[in-house]
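The report below describes the fold and selected local features of one protein chain. Please consult the sequence and the model alongside the text.

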Amino acid sequence: MPNSKNTVTQQSHDKTTGFEPKIVAFCCNWCSYPAADGAGVARLQYPTNIKIVRVMCGGRVTPSFVLKAFELGADGVLVATCHFEDCHYMFGARKAADIHKITERLTEMLGIEKERLKLDWISSAEASKFARVAKEFTETIRKLGPSAIKKNSYTLNEIIEDE
Ligand code: FES
């Protein structure tokens, strides 16, 4: 399983601010999820900041998935799909690319920098690419700092305490 205790050791942590980015990665079951698994098996280090949500196809990741992740406290969201020609559902990866453009516009309208959202294509044989993308994206988010949405949102506990 990707990101298990044994496979991931690198932690991206800003010691000056204590900021620890939370990143949700929606990974396609057929390509990027096995790539993440392969990274773990090969002991390629990538930040534990990446929390993987497995989806059957990248085309399944609608804007609501991404917006919900931000609402729940993600500082960045990665959508990792098959390469176009490898999608098990024919057009899912292309659909993901189209949806991504819409999601980018929606997130920008909400005041979320577009750099906090990333789409990439990672095949099951590209474990090292998965590790590299995970590292680079984590660094990008770390430089951006906490998401404005998170800073202004209430946690469930805060809402319950207010009542
Ligand atoms: Fe992987 Fe469609 S099956 S993106």
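## The loop around Gly59

Gly59 is located in the loop that connects E2 and H2; here helices (H or I, at least four residues) and strands (E, at least two) are DSSP runs, numbered from the N terminus. Gly59 counts as buried, with 22 C-beta neighbours inside 10 Å. The term buried applies to a residue with 20 or more other C-beta atoms within 10 Å of its own, exposed to one with 12 or fewer, and partly exposed to those in between, with C-beta atoms placed from the backbone.

Beyond its neighbours within four places in sequence, Gly59 is in contact with Tyr89, Phe91, Gly92, Ala93, Lys95 and Ala96; a contact requires that the C-beta atoms of two residues, placed from the backbone, lie within 7 Å. The C-alpha atoms of Gly59 and Gly92 are 4.2 Å apart in space, although 33 residues separate the two in sequence.

## Basis of the model

The model is predicted: local features need pLDDT of at least 70, side-chain atom pairs count only at pLDDT 80 or more, and totals for chains, interfaces and linings use all residues. Residues are numbered from 1 along each chain as its sequence is written.

## Overall architecture

The chain contains 6 helices and 4 strands, and from the N terminus on its elements follow the order β-α-β-α-β-α-β-α-α-α. Of the 163 residues in the chain, 41% are buried. Among contacts with a separation of 6 or more, 83% are between residues 24 or more positions apart.

The 4 strands form an open sheet, ordered E2-E1-E3-E4, with parallel pairing; two strands pair if DSSP finds at least two bridges between them. Strand E2 (50-55) and E4 stand at the edges with a single partner strand each, so one side of each has no neighbour in the sheet. On average, neighbouring strands of this sheet are turned by 20° against each other, direction ignored. For such angles, axes are lines fitted to C-alpha atoms, for helices over the stretch in contact, and values run from 0 to 180 degrees between N-to-C directions.

Helix H2 (residues 63-71) packs on the sheet and touches E1, E3 and E4, its direction making about 150° with that of E3. Helix H1 (residues 32-41) lies across E1, E2 and E3 and runs at about 115° to E1.

## Strand E3

In strand E3 (residues 76-81), 6 of the 6 residues are buried, so the strand is largely enclosed by the rest of the structure. In a regular strand, side chains alternate between the two faces of the sheet. Both faces of E3 are covered, with Gly76, Leu78 and Ala80 buried on one side and Val77, Val79 and Thr81 buried on the other.

E3 pairs in the parallel sense with strand E1 (residues 23-28) over 5 bridges, and Ala80 in E3 is the bridge partner of Cys27. E3 also runs parallel to strand E4 (residues 117-121), to which 5 bridges join it; there Leu78 stands opposite Lys118. Together, E3, helix H3 (residues 92-109) and E4 make a right-handed β-α-β unit. Right-handed denotes a path from the first strand over the helix to the second that runs clockwise when the strands point away from the viewer.

## Helix H4

Helix H4 (residues 127-144) has 18 residues, which should span 26 Å at 1.5 Å a residue; its end C-alpha atoms are 26 Å apart, in agreement. The expected span is 1.5 Å times one less than the number of residues.

The buried residues of H4 are Ala127, Phe130, Ala131, Val133, Ala134, Phe137, Thr138, Ile141 and Arg142. Viewed down the axis of H4, they fall within an arc of 165°, so they line one face of the helix; the arc is that of the directions from the helix axis to the C-beta atoms. The elements covering these buried residues include E1, H1, E2, E3 and E4. Gly145, with a positive phi near 85°, follows H4.

Most residues other than glycine have a negative phi. Arg43 is not a glycine, yet its phi is positive, about 55°. Arg43 lies in the loop between H1 and E2 and is exposed, with 11 other C-beta atoms within 10 Å.

Met90, also not a glycine, has a positive phi of about 70°. Met90 is placed in the loop between E3 and H3 and is exposed, with 12 other C-beta atoms within 10 Å.
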